Amino acid sequence: MAKIGVIGAGAWGTAVAAHLCRMGHEVTIWAYESEVAASIAEVRENTIYLPGFTLPEKLMPTTDMAEACKAQIVVIACPSSFFRHIVLDAADYISDDAVVVSLTKGIEDNSLMLLSDVHAQIRPQGAERYVVLSGPSFAKEVVEGYPTDVAAAGVSPDVVRKVQKEFHAPAFRVYSSNDPVGVQIGGAVKNVIAVAAGGCDGLGLGLNARAALITRGLAEIARLGVAMRANPLTFLGLAGMGDLILTCTGDLSRNRTLGWRVAKGESPREVIGSTRAVAEGYYSAGATYRLAKRLNVDMPITGLVHSVLYEGQSIQDAIRGLMAREFKTELEGISRA
């Protein structure tokens, strides 16, 4: 069994920490808010971010970053907007031979870098010992022990196998991947597409429209991935199609809920300000939109979401504009067809 530190006590970090603890690992979870650490310690529940679920007695909460990083495996589970800050804070405490596993999904807003590149910039000595874990995985279902499949991706097959060994369980299957770029793009951009899917459902446009939007959203993800030299087959897997379907259709999806509530008349700012939980699609929409522009990748659904969230366009007008586009070749930008 391994000594594991989880940095971030939101719903997803808490769920994965509980899973690892139940596997027999020695797990410490770092919380930014002292009240979160206190609730885990005192009542064995994350009453703020994952209420209603009893956590293992052996799960140790802390607000001391150094304590959490004294581990063989350090898991980062913070919102993408805090990722650089967290890695900078933790860098002095993570040993060079530790494996870093990222549960965070997003593209850095200012630099437009993938988070693996942000980590490598701060900790170049740890670049080959960095693994991305992503896939269709709602925190509430993981903490309840429902069957879940995810993908672990990194540049070192040996390091990926180590993560696979330590995280894999009958109800939490971990598949290996050698495409961390594709896995990260899938995990980040699916949140943007899910905002559009929620808007589609909120407007009552029907199941045909939702299915079309998800499919064309997958095409956008693949086009961006190809432009960044990812393996296009990655987007047919857990971190691509799997996570996209879940986030676009599941009622537990914060990103889908954001789109739904905007379609029902709330402003994006009102929705974001009404909860402490983060809808990553709100932040990823801006970065993904600008990255697509930089790489000259056609991403009209991402553009729709960006215009609604940041430019004040009504979701009805945005969807009408999307539907009025000229006809296209279906696999344009993905293959030579």
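Predicted model: local features only at pLDDT ≥ 70, side-chain atom pairs only at ≥ 80, totals over all residues.
**Exercise 1. Describe how helix H8 packs against helix H13, and state which residues make the contact.**

Solution. Two packed helices are described by the angle and the distance between their axes.

Step 1: The axes of H8 (residues 180-202) and H13 (residues 280-295) come within 8 Å, crossing at roughly 110°.

Step 2: Angles of 65 to 115 degrees count as roughly perpendicular, and H8 is therefore roughly perpendicular to H13.

Step 3: On the H8 side, Ala188, Val189, Asn191, Val192 and Val195 make the contact. H13 contributes Glu280, Gly281, Ser284, Ala285 and Thr288.

Step 4: By class, the residues of this contact are five nonpolar, four polar and one charged.

**Exercise 2. Determine how the rings of Tyr282 and Tyr310 are arranged, and which helices the pair ties together.**

Solution. Step 1: The whole structure contains three aromatic pairs.

Step 1: In the pair of Tyr282 and Tyr310, the ring centres lie 5.2 Å apart and the planes make an angle of 35°. Planes under 30 degrees apart count as stacked and those over 60 as edge-to-face, so this pair is classed as tilted.

Step 2: Tyr282 belongs to helix H13 and Tyr310 to helix H14, so the pair ties together parts that are 28 residues apart in sequence.

**Exercise 3. Characterise the linings of the two cavities of 30 Å³ or more.**

Solution. Step 1: The largest cavity holds about 70 Å³ of space. Among the residues lining this cavity are Ser102, Lys105, Tyr130, Val183 and Gln184.

Step 1: Strand E6 (130-134) and H8 each give two or more residues to that lining, and E6 gives the most, with four. The lining has five nonpolar, five polar and one charged residues.

Step 2: The second largest cavity holds about 50 Å³. Its lining includes Val195, Gly259, Leu304 and Ile315.

Step 3: H8, helix H11 (254-263) and H14 each give two or more residues to this second lining, the largest share being the four from H14. Here eight residues are nonpolar, one is polar and none is charged.

**Exercise 4. Describe the second largest pocket by its volume and its lining.**

Solution. Step 1: This pocket contains about 610 Å³ of space.

Step 1: Its lining comprises 26 residues, with Arg216, Pro300, Ile301, Leu322 and Arg325 nearest the centre.

Step 2: Helices H9 (207-227), H14 (300-310) and H15 (315-323) each supply at least two lining residues. H9 provides the largest share, eight residues.

Step 3: The lining divides into 14 nonpolar, three polar and nine charged residues.

Notes:
Residues numbered from 1 in each chain as written. Heavy atoms only, no water. Axes fitted to C-alpha atoms, helices over the stretch in contact; angles between N-to-C directions. Parallel < 35°, antiparallel > 145°, perpendicular 65-115°, else oblique. Contact = heavy atoms within 4.5 Å. Nonpolar A, V, L, I, M, F, W, Y, C, P; charged D, E, K, R; others polar. 1 Å grid on protein atoms, 1.4 Å probe; cavity = no way out; pocket = protein on both sides within 12 Å on 5 of 7 lines; lining within 4 Å. Points joined across faces, edges and corners; volume = space filled by probe spheres on them. Phe/Tyr/Trp six-rings, centres within 6.5 Å; stacked < 30°, edge-to-face > 60°.
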